[in-house]
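User: Hi! Could you walk me through a few spots in this model with me? I'd like to go through them one at a time.

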Amino acid sequence: MKINLKQIEVFRAVMIAGSIRGASEMLYVSQPAVSRLLSHTEQRIGFPLFKRIRGRLHATQEAKKLFHQVEAVYDGVQRVNDMARELYEHQEGILNLVASPSVGHMLIPAAIAAYRQSHPHVKLTFHYLTHTPLTDRLIKQQADLAVTILPIKHPNLEQEEIGSARLVCICPYNHPLARRSMLEIKDLLEYPFISYDKGSPFGQMVRELFENSGHEARSVLDVGSPQNACALVQAGAGIALVDQFSAKSWTASGIVTRPIAAAPTLKAYLVRLRDEPVSQISLSFMETLKATFRKEGDFGNFDLDMPAAAGASAGRASAPRRK
């Protein structure tokens with residue numbers, strides 16, 4: 001009943017080419033050899049794969065279903081070949097990184113740039129993903145390291161805290177809230193508010209912050225991530241609550257950041273598989289990453305002032321007109 005890889009290869013070639021002749025040309029073998037192997041495959045599996053009608057081959061329904069699985073096998077083989085080529089071309093190693101959008105827009109790129117200076121021959125891949133896809137990449141060993149600002153609870157993963165930030169309010173530089181040094185939740189109520197999907201971790205965090213202050217979060221827009229919120233605030237769609245990691249990557253965009261009383265603290269976590277040995281490449285990158293967070297992700301003395309250019313613009317905007 002079992003078929004081998006050679007039989008799978010011939011079956012796939014016939015399905016793609018649509019003929020014995022085309023398959024033989026694809027595989028660089030004779031037509032009789034393709035015919036014999038195809039017939040032997042049909043005998044092994046116990047049902048026909050093709051119907052011969054007026055000298056032409058027509059795939060059966062069973063063959064079409066089998067072909068989908070065969071393509072999945074070939075995709076896996078292609079990934080193995082790609083990995084082998086990558087390992088040959090980058091013999092110092094390959095490091096696959098993933099991160100949540102909040103840290104993925106600035107801090108991880110900064111760490112990668114610093115790491116490349118001392119490890120120019122290491123190949124790196126980097127993607128920023130939301131919580132669930134990021135976890136899946138680690139579990140499936142499609143990523144070596146992940147950085148996220150939301151804790152991941154999984155028995156096969158371990159995490160280490162490498163930084164922290166608070167939830168803050170962002171608004172345009174000329175917004176009334178930009179003149180305040182500290183905000184409370186009640187200060188936000190009269191302005192269009194951008195929040196997050198109610199079932200998301202950020203959505204739950206914002207809702208709890210409002211409820212703890214005795215108010216209800218009523219949003220005009222719900223978005224998928226703090227980076228989406230930053231883009232909408234920059235466009236003038238409203239105000240939002242985001243983490244300081246995200247806000248830091250938009251400091252040159254005319255967005256003002258203001259602290260919120262009783263705002264929760266978010267942690268940045270470095271996450272990896274628990275029982276997998278840590279490669280030397282991973283260890284060296286982890287050190288660079290932690291150094292980057294110490295340098296770029298320190299919010300102990302968070303600057304409450306407007307960006308210089310924005311502040312100057314605000315001053316001009318508020319000056320009375322001459323008559």
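This is a predicted model: local features need pLDDT of at least 70, side-chain atom pairs count only at pLDDT 80 or more; totals for chains, interfaces and linings use all residues.

User: Which residues sit on each side of E9?

Analyst: Ile239, Leu241 and Asp243 are on one side, while Ala240 and Val242 are on the other. Both faces of the strand are covered.

User: And in what sense does strand E6 pair with E9, parallel or antiparallel?

Analyst: Antiparallel, over 4 bridges, with E6 running through residues 157–172. Within E9, Ala240 stands opposite Ile170.

User: What about E7 and E9, parallel or antiparallel?

Analyst: That pairing is parallel, over 2 bridges, and E7 spans residues 193–196. Here Phe193 is the bridge partner of Ile239 in E9.

User: Nice. Switching topic: where is Ser24, and is it buried or exposed?

Analyst: Ser24 is in helix H2, which covers residues 20–27. Ser24 counts as buried because its relative accessibility is 6%, and the cut-off for buried is under 20%.

User: What is Ser24 in contact with, leaving aside its neighbours within four places in sequence?

Analyst: With those neighbours set aside, Ser24 is in contact with Val29, Ser30, Gln31 and Val34.

User: Now the surface. Which residues make the nonpolar patch of about 260 Å²?

Analyst: That patch is made by Leu5, Val73 and Val77. Leu5 lies in helix H1, residues 5–17, and counts as exposed at 63% relative accessibility.

User: Last topic, backbone angles. What is the phi of Gln141?

Analyst: Gln141 has a positive phi of about 60°, although it is not a glycine. Most residues other than glycine have a negative phi.

User: Where is Gln141, and is it buried or exposed?

Analyst: Gln141 is in the loop between helix H7 (131–139) and strand E5 (145–148). Gln141 is exposed, with a relative accessible area of 54%.

User: What about Ala262, what is its phi?

Analyst: Ala262 has a phi near 65°, again a positive value in a residue other than glycine. Ala262 lies in the loop between strand E10 (255–259) and strand E11 (265–273).

User: Why does Ala262 count as exposed?

Analyst: Because its relative accessibility is 70%, and exposed means over 50%.

Note on methods. Residues are numbered from 1 along each chain as its sequence is written. Side-chain values use heavy atoms; hydrogens and water are left out. Buried means under 20% relative accessible area, exposed over 50%, partly exposed in between (1.4 Å probe, protein chains only). Contact means heavy atoms within 4.5 Å. Patches are made of residues with over 30% relative accessible area and no salt bridge: like charges are joined within 9 Å, nonpolar side chains (Val, Leu, Ile, Met, Phe, Trp, Tyr) within 5 Å. Accessible areas come from the Shrake-Rupley method with a 1.4 Å probe; for residues, only the protein chains shown count as cover. A salt bridge is a side-chain nitrogen of Lys or Arg within 4 Å of a carboxyl oxygen of Asp or Glu. Two strands pair if DSSP finds at least two bridges between them.
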